[in-house]
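Try each task before you read its solution.

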Amino acid sequence: IYFDLKLAAEDNHIKYTGASNRIILNNLENVCKENLNLTIRLPMIPGITDVASNLTGIADIVQRVCPKNTLIHLIPYNRFAEGKYSAYGMEYGLKNWYRVNNKDNVKRFAMFMRANGYKVENYLEKEN
């Protein structure tokens, strides 16, 4: 199962997505109880999901509810969606926020999770 997880704090989830993350976190807990082959995908959105406070919150959630065989993919942010917004006459809200990911925060998160028994694939490490 591929499970996308973006934001740990409900207030931030509402701010950036327009909806609570309660159902998402409940679903994660239920999936983890089944001990299925699970991959959590974490998109690293600069200044939003790659900040230390969010990564600490994600680590707490994963450690609390997911077994150690959970795989974590740290996915670099891309701007591919930007073109879709202009096609629909909408403004791309992240256009002025884009910058390089905070690789130090992401690296610390990956090291911490690995030290606690989780397998982490950090795709930011594979970027040129």
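This is a predicted model: local features need pLDDT of at least 70, side-chain atom pairs count only at pLDDT 80 or more; totals for chains, interfaces and linings use all residues.

Residues are numbered from 1 along each chain as its sequence is written, and side-chain values use heavy atoms, with hydrogens and water left out.

**Exercise 1.** Find the salt bridges (a side-chain nitrogen of Lys or Arg within 4 Å of a carboxyl oxygen of Asp or Glu).

*Solution.* 
1. Searching the whole structure gives 2 salt bridges.
2. One joins the side chains of Asp4 and Arg41, at 2.8 Å from N to O. Asp4 belongs to strand 1 (residues 2-4) and Arg41 to strand 2 (residues 39-44), so the pair links parts 37 residues apart in sequence. Helices (H or I, at least four residues) and strands (E, at least two) are DSSP runs, numbered from the N terminus.
3. Arg22 and Glu10 also pair, at 3.0 Å from N to O.

**Exercise 2.** Classify Arg22 and Glu10 by accessibility.

*Solution.* 
1. Buried means under 20% relative accessible area, exposed over 50%, and partly exposed in between (1.4 Å probe, protein chains only).
2. Arg22, with 55%, is exposed.
3. Glu10, with 25%, is partly exposed.

**Exercise 3.** Which residues does Leu28 contact (heavy atoms within 4.5 Å)?

*Solution.* 
1. Leave aside neighbours within four places in sequence.
2. The contacts of Leu28 are then Phe3, Leu5, Leu38, Ile40, Ile61, Val65 and Cys66.

Key:
Contact means heavy atoms within 4.5 Å.
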